[in-house]
Amino acid sequence: MILGVDVGGTNIDIVVFEKNFSHIATYPTKDYVAKLDNLLNELVERHQAKAVGIGFAGWIKKGKIIKAPNIRLNDFKLELDVPYVLDNDANCFALYASHVFGFKNLIGVTIGTGIGSGTVVDGKVYRGMGLAGEIGHWFVGGDEVCTCGGRGHLECYFGGWSFKKRGLSAVELVESGRIYELEDFEKLCICIANAIALLDPEAVVFGGRIGGSLYERTLKERIYRYLMPEFRPEIKTLNDPLAVAKGACLMVMK
């Protein structure tokens with residue numbers, strides 16, 4: 001029995017895995033992130049879990065969170081009663097996407113409060129020195145201030161917090177199709193195309209509460225526009241808001 005946890009900028013999603021995944025609960029991050037260890041220890045005891053996998057929306061090196069642009073860390077700590085694995089949330093998503101679709105080489109892109117990405121190479125998560133895959137913090141131009149403290153990053157123009165800052169509703173943008181008319185959607189597609197040209201993956205899989213709701217066909221058409229014809233990875237969406245938590249379970253089993 002394993003607990004899988006997704007600590008995102010807006011929500012904390014928790015699943016339990018034995019033979020199948022089951023959703024336990026979803027909590028608002030701002031109310032629970034500072035007391036997450038207490039919550040998880042209660043759930044560990046209740047479900048008799050042997051380990052916990054945690055996908056966290058932050059920059060992680062050597063098992064330590066060094067920055068969390070979209071989460072107030074406050075007194076965040078992890079003192080759990082069972083072994084645990086802590087990894088970047090997009091890495092967990094990429095691993096789960098690889099499991100679902102069977103791709104051994106892919107880029108996973110999560111779009112929710114912010115934008116994250118993880119890379120799977122030969123079936124294993126590629127981390128570099130720990131921070132590989134921060135597409136949301138690629139410089140795309142302009143002088144907008146990012147939540148990480150930088151300027152002109154992709155997240156400043158596309159994703160939940162930047163939409164909210166400009167008075168836009170992510171739900172309305174997606175449901176109406178207006179999201180594809182945004183100049184900022186073009187910025188996203190250019191960044192993804194650049195990542196494809198660098199890594200030449202089998203596929204790019206989009207997830208997260210925004211990314212998982214995008215049209216595959218539109219993503220493919222717009223991303224391919226910026227690629228040489230020799231690059232034609234599959235473009236997929238994984239519309240499962242629990243994908244990161246499920247991927248965190250898989251991290252424990254690796």
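Trainee: Where is the place of Lys 62 in the chain?

Mentor: Please bear in mind that this is a predicted model. Lys 62 lies in the loop between β5 and β6 (64-67).

Trainee: What is the phi of Lys 62?

Mentor: The general idea comes first: most residues other than glycine have a negative phi. Lys 62 is not a glycine, yet its phi is positive, at about 50°.

Trainee: Is Lys 62 buried or exposed?

Mentor: A residue counts as exposed when its relative accessible area is over 50%. Lys 62 has a relative accessible area of 85%, so it is exposed.

Trainee: Which value does phi take at Gln 48?

Mentor: Gln 48 has a phi near 55°, again a positive value in a residue other than glycine. Gln 48 sits in the loop between α2 (36-47) and β4. With a relative accessible area of 62%, Gln 48 is exposed.

Trainee: Let us turn to a glycine. Where is Gly 58 found?

Mentor: Gly 58 belongs to the loop between β4 (51-56) and β5 (59-61).

Trainee: Is Gly 58 buried or exposed?

Mentor: The cut-off for a buried residue is a relative accessible area under 20%. Gly 58 has 2%, and is therefore buried.

Trainee: Which residues is Gly 58 in contact with, leaving aside its neighbours within four places in sequence?

Mentor: With those neighbours set aside, the contacts of Gly 58 are Lys 67, Ala 68, Asn 88 and Glu 134.

Trainee: How many helices and strands has the protein chain?

Mentor: The chain has nine helices and 12 strands.

Trainee: What do burial and contacts show for the protein chain as a whole?

Mentor: Of the 254 residues, 56% are buried. Among contacts between residues at least 6 apart in sequence, 63% join residues at least 24 apart.

Trainee: What can be said of the surface and the charges?

Mentor: The accessible surface comes to about 12100 Å², and carbon and sulfur atoms account for 50% of it. The chain carries 29 positive and 30 negative charges, whose mean positions are 2 Å apart.

Methods
Residues numbered from 1 in each chain as written. Predicted model: local features only at pLDDT ≥ 70, side-chain atom pairs only at ≥ 80, totals over all residues. Heavy atoms only, no water. Helix = DSSP H or I, 4+ residues; strand = E, 2+ residues; numbered from the N terminus. Buried < 20%, exposed > 50% of the residue type's maximum accessible area, 1.4 Å probe, protein only. Contact = heavy atoms within 4.5 Å. Areas by Shrake-Rupley, 256 points an atom, 1.4 Å probe, with all protein chains shown as cover. Lys, Arg positive; Asp, Glu negative; His and termini not counted. Charge placed at Lys NZ, Arg CZ, Asp CG, Glu CD.
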